[in-house]
Amino acid sequence: MSRHHNHATVIDGPWQAAAPAAKPVTRERRKRATPAESDALREGLTPEQLVTLEAMEIFRWRLAFVRRPLFQAPIPVLFDKDETRHVVIREDGTLDEQPTLRLRS
C-alpha cells in the first residue's frame with residue numbers, strides 16, 4: 001500500500017494579504033442641542049419640570065429632546081453624562097427612571 005502525501009505550495013505574489021472585513025461605520029446624525037436650541041426645548045415645560053431639569057443638570061444630565069404629544073404635557077428626555085441611561089421628567093416634576101419610551105439606537 002503506497003502512501004501519497006499531498007503538499008500544498010504557497011506562492012508568494014505581489015498581492016496584499018486579505019484584511020479582515022471591517023464593521024461598517026454608521027455615523028450619528030442627531031446632534032447635541034446648541035444653547036439657543038436648548039432654551040427652545042425648555043419652552044412649554046411646567047415649572048416643576050424646569051426645577052427637576054435644573055437639578056439634574058447639576059449632576060451632568062443633559063436635556064436631549066422633548067416629546068410634545070397632542071393635548072398632553074411635554075415629555076422632556078434626559079441622558080446621563082455617559083449617554084448610557086435616560087430618564088423622563090413627568091408633568092409633576094418627578095423622575096421616571098424606567099420610561100416606556102421607545103428610542104432609536
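Author: Of the 105 residues of the protein chain, 23% count as buried, where buried means under 20% relative accessible area, exposed means over 50%, and partly exposed covers the values in between, with a 1.4 Å probe and only protein chains considered. This is a predicted model, in which local features need pLDDT of at least 70 and side-chain atom pairs count only at pLDDT 80 or more, whereas totals for chains, interfaces and linings use all residues. Residues are numbered from 1 along each chain as its sequence is written, and side-chain values use heavy atoms, with hydrogens and water left out.

Reader: How many bridges pair β1 with β2, and how many join β2 to β3?

Author: Two strands are said to pair if DSSP finds at least two bridges between them. Strand β1 (residues 62-67) pairs with β2 in the antiparallel sense over five bridges, with Phe65 standing opposite Val77 of β2. Strand β3 (residues 86-89) also runs antiparallel to β2, to which three bridges join it, and here Leu78 has Val87 in β3 as its bridge partner. A hairpin is formed by β2 and β3 with six residues between them, and Glu83 in that turn has a positive phi of about 60°. As for cover, four of the five residues of β2 (residues 75-79) are buried, which leaves this strand mostly covered.

Reader: Which residues make up the largest nonpolar core?

Author: The general idea is that in soluble globular proteins nonpolar side chains tend to be buried together. A nonpolar core is defined here as a set of buried Ala, Val, Leu, Ile, Met, Phe, Trp, Tyr and Cys residues joined through side-chain atoms within 4.5 Å. The largest such core has ten residues, namely Leu41, Leu45, Leu53, Met56, Trp61, Leu63, Val66, Leu78, Val87 and Ile89. To this core α2, β1 and β3 each supply at least two residues.

Reader: What does Trp61 touch, once residues up to four places away in sequence are not counted?

Author: A contact means heavy atoms within 4.5 Å. On that basis Trp61 touches Met56, Leu78, Phe79, Asp80, Arg85, His86 and Val87. For the protein chain as a whole, among contacts between residues at least 6 apart in sequence, 37% join residues at least 24 apart.

Reader: How many salt bridges does the count come to?

Author: Side chains of opposite charge can pair when their charged atoms come close. The rule requires a side-chain nitrogen of Lys or Arg within 4 Å of a carboxyl oxygen of Asp or Glu, and the count comes to four salt bridges. In one of them the side chains of Glu57 and Arg42 meet, at 2.4 Å from N to O. Glu57 lies in helix α2 and Arg42 in helix α1, so this pair ties together parts that are 15 residues apart in sequence.

Reader: Where do Arg85 and Glu97 lie?

Author: Arg85 forms a salt bridge with Glu97, their closest N and O atoms being 3.5 Å apart. Since Arg85 lies in the loop between β2 and β3, and Glu97 in the segment after β4 (95-96), the pair ties together parts that are twelve residues apart in sequence. Arg85 is partly exposed, with a relative accessible area of 40%, whereas Glu97 counts as exposed at 52% relative accessibility.

Reader: Is Asp96 buried or exposed?

Author: Asp96 counts as buried because its relative accessibility is 18%. Its salt-bridge partner is Arg90, with the closest N and O atoms 3.7 Å apart, and Arg90 counts as partly exposed at 42% relative accessibility.

Reader: What joins the side chains of Arg62 and Glu83?

Author: A polar contact is a pair of N or O atoms within 3.5 Å; within protein, one must be able to donate a hydrogen and the other to accept it, and residues adjacent in sequence count only if both atoms are side-chain atoms. Such a contact, of 2.9 Å, joins the side chains of Arg62 and Glu83. The C-alpha atoms of these residues, which are 21 residues apart along the chain, are separated by 9.2 Å. Arg62 lies in strand β1 and is partly exposed, with a relative accessible area of 21%.
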